[in-house]
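Here are my notes on this model. Please read them with the structure open.

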Amino acid sequence: MSSYKIDIPPTALSTLKSRLENAVFPDELEDSGWAYGAPLADIKRLVARWRDGFDWRHEEQKLNAELPQFTRDIEVDGFGTLNIHYVHKKSERGLGIPLLFVHGWPGSFLESRKIVPLLTAGSGDARLPVFDVVALSLPGFGFSEGPKKTGFSFTQYAEVSHKLMLALGYTEYVTQGGDWGASITKEIARRYGGEHSKAWHINLILAGPPATQDPSSYTAIEKDGLARFQEYKRSGNGYYRIQATKPQTLGYSLADSPVGLLAWIYEKLVIWTDAYPWTDDEVLTWVSIYWFSRAGPAASLRIYYEVEHAGQEVGSTNFHIPTIPLGFSHFPKELGRIPKSWYHLVGNVVFEVEHDSGGHFAAHEKPELLVGDLQKMFGKSGPAFGVVLGRNGYDG
């Protein structure tokens, strides 16, 4: 294990500035708004800020001050050793429940930034449980080393995550994830549930459909969730099909053009959230993590290809269902949701909360709500209280 501080080389910063200074923008149709993708005015404004006003060193210093970061070598069966970057902050009191937070795309360890202090401090309330939080950069994302061979899919992401927790001394732990993080934590629950992974909580719930279903029994909220997912598949998942079929081809553009990378990610940050008030510097910090990533922006795309070609696509029911306790948090502007009658295809649901606001990036958009759900699920009156032996989140 080695402590880690983000310290992007000056040459990388000067190269970025040069590319931004020489940016070439496309034209735009009149009154097209968001219908064709990220608006030209938005991208020009963000590029101008990134080029002339955004202070990466300031953001870098804040991240280093707020998040204790480390790297560790993890041996992955069939893929050699990968150097993994992660955040690890222990609880401020009591025996914190070990919690592994797993991000997705276009997220990163940065998504843990707002929830880490709340989880480790118990929101300042001794009646609430505290957690030891681990938030890794998935291989190929952020400051983790990327795989060098094809075939690195859910099995390997789960293996890396699990071995990291064991290396940190957490032989029993719980998990939380959204986006790919929901699928990876499900794989962890499948492979390591019971002995090591004791419970999991997710905020993207997709599966099915079951062999038989009765749409007339669905609630209005469930029907809306299914409709949202169908609309997403109809008009919002072109990125998915590209990244799942020809990620290398797209990768050349994202690796070469910071403007292209910005537009590709910014669109998702806006349309996948519930009117979240993004500041320009928030967006630029988020995108800069990708631009400065250890393996480069293209590496993060390949998970889509590998998952699809391994037959592990989101919502697949081709594998056995985990039996350890599972909690759901529903946010209305998520990409979609499934009816309660489909839950048996996901896992052993013991906890569920319905929220009236929030979208895809719950840890960033609604950190207090997400943390509150975890505190309820694992607190003294919750259905998953005491699942980790000797570490219940309280003083004793």
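1. Is Arg 19 buried, partly exposed or exposed? Arg 19 has 34% relative accessibility, so it counts as partly exposed (buried is under 20% relative accessible area, exposed over 50%, partly exposed in between; 1.4 Å probe, protein chains only).

2. The basis: this is a predicted model, where local features need pLDDT of at least 70, side-chain atom pairs count only at pLDDT 80 or more, and totals for chains, interfaces and linings use all residues. Residues are numbered from 1 along each chain as its sequence is written, and side-chain values use heavy atoms, without hydrogens and water.

3. Arg 19 forms a salt bridge with Asp 256, with the closest N and O atoms 3.0 Å apart (a side-chain nitrogen of Lys or Arg within 4 Å of a carboxyl oxygen of Asp or Glu). Arg 19 sits in helix α1 (residues 10–21) and Asp 256 in helix α9, so the pair ties together parts 237 residues apart in sequence (helices are DSSP runs of H or I, at least four residues; strands are runs of E, at least two; both are numbered from the N terminus). Asp 256 is partly exposed, at 46%.

4. The count of salt bridges is 24. Lys 17, Glu 21, Arg 51 and Asp 52 are linked in a network of them. Within it, the Arg 51 and Asp 52 side chains meet at 2.9 Å, N to O. Arg 51 is partly exposed at 27%; Asp 52 is exposed at 55%.

5. Lys 163 and Asp 77 also form a salt bridge, at 3.6 Å, N to O. Lys 163 is in helix α5 (residues 154–167), and Asp 77 is in the loop between β2 (69–76) and β3, 86 residues apart.
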